[in-house]
Amino acid sequence: MKALRKARIITQILFFAPLFFIFIDFTGITGEYFKNLLTSLQFIPSIIKFLTIPSLLAGGFILILLLTIISGRAYCSTICPLGILQDIAGYLKRKLFSRNRFDFKKPHKVIRYGLLVILLISLVSGTMAAVNLFDPFSLFGRITFQIFRPLSIGVNNVISFVLSRFGNYSVYPQEFYFVSSPVLAFTAFCFIGITVLAVYRGRWYCNVICPVGTFLGLISKFSIYKFEINHPLCTECGACGKMCKSECIDTEKKIIDMERCVVCFNCTTVCNSSAITLTNRYRREGPKFSSERRVFINKLGSFLPGLLLFYSMKDSIIVYVLNKIPVIRKTPVTPPGAVSLNHFTSRCTACGLCVSTCPTHVIQPALFAYGTEGALQPVLDFEKSFCNYECNLCTLICPTGALLPMGIEAKKVSQLGKAVFIKDNCVVITQKTECGACSEHCPTKAVTMIPYEGLMLPEVREKYCVGCGACEKACPTKPYKSIYVEGNAEHKIAEKNLEKKKIKEEKVLEEFPF
Amino acid sequence: MDRRRFISLVSAGIAAAPFIKTLPKTSHNYANPNTPFDLVAVRGGEATAMFDEGIKSLGGISSFVKRGQRVVVKPNIGWDVVPERAANTNPALVGRIIQHCINAGAKEVVVFDNTCDNWIRCYKNSGIEKAVKESGGKIAPGNTESYYQSVSVPGGKRLTSAKVHELILESDVFINVPVLKNHGSAKLTICMKNLMGIVWDRGYWHRNNLHQCIADFSAFRKPDLNIVDAYNVMKQNGPRGVDEEDVILMKAMIISTDMVAADTAAAKLLDFEPKDVSYIKIAGETGIGRTDLQNLKINRIKI
């Protein structure tokens with residue numbers, strides 16, 4: 001049984017290390033195939049992706065269901081990165097301070113099933129808010145990207161800075177792209193909360209909050225293999241109960257609650273008399289059904305009103321305030337491949353893999369960019385950056401299919417939104433001097449310069465605009481921008497800009513004109 | 001190592017970091033070339049061949065780069081596009097310039113630009129990062145504000161201070177290698193406009209009379225040598241361009257120590273006069289350089 005515990009730990013490392021890396025990777029060396037393969041076994045993203053673009057790779061959740069049917073919630077101890085993160089917190093506590101002793105606790109069934117029901121109802125009604133709050137993979141992604149990535153960039157930059165003092169520029173410094181403070185505060189709250197709970201209460205999050213844990217737990221009740229305490233062998237020393245981070249071993253009654261067990265093999269390892277065994281449930285007697293279903297349905301009714309209240313709060317999207325002519329974006333701009341607001345917000349679990357993959361950092365985490373229905377889902381932020389014309393990375397790596405894969409040529413004409421020019425805010429009008437920063441940065445020349453009182457004034461030709469936001473980012477006016485992108489609720493296809501003279505045929509003089 | 005020791009070491013490192021910056025800086029030792037021509041114009045060859053011929057007529061790169069000196073080469077790497085689009089300086093030319101410098105005994109040759117598009121992609125897709133490394137130069141990032149130091153711009157009308165990349169301030173020789181392009185608002189981008197890539201806050205320039213700022217800044221630190229790449233020239237939709245249809249094959253190069261003269265000559269290749277481009281006109285009038293090409297010693301080379 002010690003070998004099984006070791007195997008569990010090795011598997012954890014094999015899954016955790018690359019998953020952690022793809023979220024902190026600021027160099028962009030991890031390719032889309034690698035990311036897709038890694039995330040394909042994440043339960044909730046995999047289900048959503050399968051429903052969006054059915055494919056073999058998107059069928060990872062079926063494997064997890066099979067695994068759970070065979071051996072209970074092994075997923076939680078081997079594949080789930082948030083689970084492993086909690087184990088690491090426990091490990092560090094053990095190594096740095098002292099081992100924590102756990103005690104058997106009664107299951108919080110009301111909260112667990114209630115949250116699962118909320119999640120299912122919210123999914124059916126087309127909002128991802130509950131999923132985004134609680135999906136362990138997405139929570140892990142946000143924690144890693146928002147907290148561990150800046151830390152690793154800091155280390156990188158210290159190295160880069162020291163080397164550059166000696167004329168070595170081979171390690172490039174990376175810019176800190178801190179997410180907005182409310183977003184960071186929320187993520188830090190989640191991280192600290194989960195870590196503290198992990199240290200003192202083991203897998204509390206997994207066994208009270210996590211919807212995947214609850215769902216797989218229901219299946220685990222009937223899993224083929226389950227842990228059992230062998231009565232004649234047990235010396236009633238209680239060591240297993242103190243070791244159990246799921247707090248699910250009732251040493252008095254000698255029962256292991258398989259609904260909460262995450263199959264970590266800690267109890268079997270600690271048991272000196274080998275009294276805990278993994279046994280086939282169906283070789284002896286049939287499974288015992290409890291009457292919990294009734295409780296389940298009862299709770300559903302009490303959670304509905306709360307859910308409705310949750311919906312009724314909805315933020316309006318004001319980007320810049322205190323302006324002479326404030327920029328009020330009516331529709332937030334979704335990343336390429338999002339198809340439409342509806343497609344995106346009904347599938348995105350806010351894991352933030354697109355945020356960590358985006359080379360220009362224009363995709364930013366948010367709290368309520370899409371209202372409460374799209375809580376935590378990322379949005380294009382043209383204050384920070386703009387969408388690179390020649391890049392389609394985010395469309396290729398989305399674990400849920402909220403962003404559909406898009407070829408580079410298709411992406412280059414995909415219109416995420418349209419630029420809107422606020423003439424009276426523009427330098428050319430207010431200062432009467434040339435500027436043209438917006439047109440300079442425009443990759444399709446949708447923003448062109450037209451003569452205006454001896455100067456050149458920007459003009460937007462919407463049909464060529466792809467909504468990349470380069471103009472908005474480049475616009476130097478303060479405190480308000482003079483050009484911004486209004487999002488398309490449905491992404492459209494822009495026309496190719498073919499308005500040009502045939503200069504290729506023009507004969508170039510070979511003399512010197514001076 | 002215990003925790004306390006670890007924490008104290010890390011914090012000592014962080015506290016020490018800003019002071020490391022004050023370690024030895026090489027003294028300025030500008031090359032003082034006594035060249036036979038004010039300006040060299042070359043036509044009809046590959047970019048590398050035109051540079052070889054042009055610099056030979058100025059007495060070779062050793063007229064500008066002395067043994068043991070640190071050289072900074074500033075091409076235009078502003079955009080994430082392939083070399084054929086001519087939005088960035090020809091990578092082969094950048095590589096050849098570095099080879100010349102190294103052959104003349106330069107201690108090191110460093111290349112950077114404060115790019116417009118994502119800088120990693122610009123460096124890579126422009127082909128310049130590869131060309132620099134293959135020819136023995138170093139590529140340095142220009143994306144981080146900590147590399148930029150505040151300087152005052154003497155005599156500036158609209159621009160009195162700027163944050164300039166430390167490599168420009170610390171190198172012995174500064175070689176400016178712009179690409180000649182059409183430009184939406186500046187009309188043309190050549191030598192003087194290329195210097196917007198050595199400063200941090202370009203938005204300030206755009207807000208405060210772009211042309212005057214470009215002219216103001218050109219008095220700050222005149223490059224020791226300007227090499228205008230006009231092999232492939234973006235004639236419309238500049239400075240980024242939409243596709244290869246914007247580009248004409250011109251096969252030309254201008255080399256001069258005078259940015260204003262080089263800009264004037266390069267402008268004429270695209271049928272622009274100095275009076276058509278405000279910043280060239282202002283720079284000529286304030287005596288930063290010459291626009292009266294008829295009075296300059298010009299070497300015209302045809303290959």
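Student: With which residue does Arg221(B) form a salt bridge?

Tutor: This is a predicted model, in which local features need pLDDT of at least 70, side-chain atom pairs count only at pLDDT 80 or more, and totals for chains, interfaces and linings use all residues. Residues are numbered from 1 along each chain as its sequence is written, chains are lettered from A and ligands numbered from 1 in written order, and side-chain values use heavy atoms, without hydrogens and water. A salt bridge requires a side-chain nitrogen of Lys or Arg within 4 Å of a carboxyl oxygen of Asp or Glu. With closest N and O atoms 3.5 Å apart, the partner of Arg221(B) is Asp224(B).

Student: How many residues apart in sequence are the parts that Asp80(B) and Arg121(B) tie together?

Tutor: The closest N and O atoms of this salt bridge are 2.9 Å apart. Asp80(B) lies in the loop between β2 (70–75) and α3 (91–103) of chain B, and Arg121(B) in helix α4 (residues 119–125) of chain B, so the parts joined are separated in sequence by 41 residues.

Student: Is Asp80(B) buried or exposed?

Tutor: Buried means under 20% relative accessible area, exposed over 50%, and partly exposed in between (1.4 Å probe, protein chains only). Because its relative accessibility is 2%, Asp80(B) is classed as buried.

Student: At what angle do helix α6 and helix α9 of chain A pack?

Tutor: Helix α6 spans residues 81–96 and helix α9 residues 136–165. Their axes, lines fitted to C-alpha atoms over the stretch in contact, with angles from 0 to 180 degrees between N-to-C directions, lie 7 Å apart at an angle of about 60 degrees.

How values were computed. Helices (H or I, at least four residues) and strands (E, at least two) are DSSP runs, numbered from the N terminus.
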